[in-house]
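Welcome! Let's take a friendly walk through a protein model, from the whole chain down to single residues. Keep the picture open while you read.

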Amino acid sequence: MLRRLFRTQDRTAFYNRAHIIAASFLIGTTCVALCGLGHQLYKAKTEYLPDIRRRGKQRLEAALAIRQTEAELLEQQQSENKNQDSNIEKNQNEDEHGPSASNEDVTFDYSPIKYEYLDHTADIQIHSWGDSIEESFEQAAMGMFAYMTDTDLIENRDMKQIDIRADGDLQNLLFKFLCEWLEVYGTEDYFIPRKIEINLFDRNELRIIARGYGELFDLSRHTQGTEVKAITYSNMQIHEETSTHDIYVIVDI
């Protein structure tokens, strides 16, 4: 009886020891596995992850550079197309209407004075001349403005363009040419040109396109002369047969 009891106790102790050994083995194996996993995670964090991030950053930068290059090329192409279309439109417009108006700062030598004032009852007669009929027209208009103010004090700050047509003859063209500049003065805040330049003078179509370079009249900086009220046909003369292309026109003051 006692022998059986001891055998039973020995068997129980053996089983307990076996369980302890098995549990210890499992715990040890689990610890080793966890240590290995922790090592792999640490290695991934310190070695693999930075490398992955670096490669991803390089790919992203390369993709952004390609997109930026494509955008710049597209913008450059659009700008070139826009400039080309603008030049084509400008050339077509100039072919049809003459040079277009702009506010660009144009520098040039001012032509010498080729006009004078002749006494006339109640009004003033402008006598202008030039190397061509175009210059005589320009000088007649400048003589009109110079009677209203000292044009030597006018600065080249702005530009106005006119495009006029006439019926009949050169006298009617001269009349409309001067009237148009007088209208620019009255409707454009008293614009006074320092120089008038004819860009197109078509005898057959009786058409003139001209530009005036100057600025708005400022009483604090400019002298005040006598304002011209209107252009008249009275005793208007155009002498193309002379070498100086003399013009005589009377203006109402």
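## Getting started

Accessible areas here come from the Shrake-Rupley method with a 1.4 Å probe, and for residues only the protein chains shown count as cover. By this method, the accessible surface of the chain comes to about 17,000 Å², and 51% of that belongs to carbon and sulfur atoms.

This is a predicted model, in which local features need pLDDT of at least 70 and side-chain atom pairs count only at pLDDT 80 or more, while totals for chains, interfaces and linings use all residues. Residues are numbered from 1 along each chain as its sequence is written, and side-chain values use heavy atoms, with hydrogens and water left out.

## The whole chain

Helices (H or I, at least four residues) and strands (E, at least two) are DSSP runs, numbered from the N terminus. The chain has three helices and eight strands.

A residue is called buried under 20% relative accessible area, exposed over 50%, and partly exposed in between (1.4 Å probe, protein chains only). Of the 253 residues in the chain, 30% are buried. Contact means heavy atoms within 4.5 Å. Among contacts between residues at least 6 apart in sequence, 67% join residues at least 24 apart.

Two strands pair if DSSP finds at least two bridges between them. Three strands build an open sheet in the order 3-5-4, with antiparallel pairing. Strand 3 (158–165) and strand 4 (191–202) are the edge strands, each pairing on one side only. From one strand to the next, the twist averages 20°.

Ten bridges link strand 4 to strand 5 (residues 207–216) in the antiparallel sense. Look for Ile196, which stands opposite Gly212 in strand 5.

## Helices on the sheet

For the angles below, axes are lines fitted to C-alpha atoms, for helices over the stretch in contact, and angles run from 0 to 180 degrees between N-to-C directions. Helix 3 (residues 170–187) lies across strand 3, strand 4 and strand 5, running at about 145° to strand 3.

How do helix 2 and helix 3 cross? Their axes come within 10 Å and cross at roughly 35°. The contact includes Phe137, Met144 and Phe145 of helix 2, and Leu173, Phe177 and Trp181 of helix 3. In this contact, 14 residues are nonpolar, none is polar and one is charged. Here Ala, Val, Leu, Ile, Met, Phe, Trp, Tyr, Cys and Pro count as nonpolar, Asp, Glu, Lys and Arg as charged, and the others, Gly among them, as polar.

## A buried glutamine

Now find Gln139, in helix 2. Why does Gln139 count as buried? Because its relative accessibility is 5%. Leaving aside neighbours within four places in sequence, Gln139 is in contact with Ser111, Pro112, Ile113, Lys114, Tyr115, Ser128 and Trp129.

## The enclosed strand 8

Six of the seven residues of strand 8 (residues 246–252) are buried, so this strand is largely enclosed by the rest of the structure. Strand 2 (residues 124–128) runs antiparallel to strand 8 and is joined to it by five bridges; Ser128 has Ile247 as its bridge partner there.

Strand 6 (residues 230–231) is also antiparallel to strand 8, with two bridges, and Ile231 is partnered by Val251. Strand 7 (residues 237–239) pairs with strand 8 in the antiparallel sense over three bridges. Strand 7 and strand 8 form a hairpin with six residues between them, and His245 in the turn has a positive phi of about 50°.
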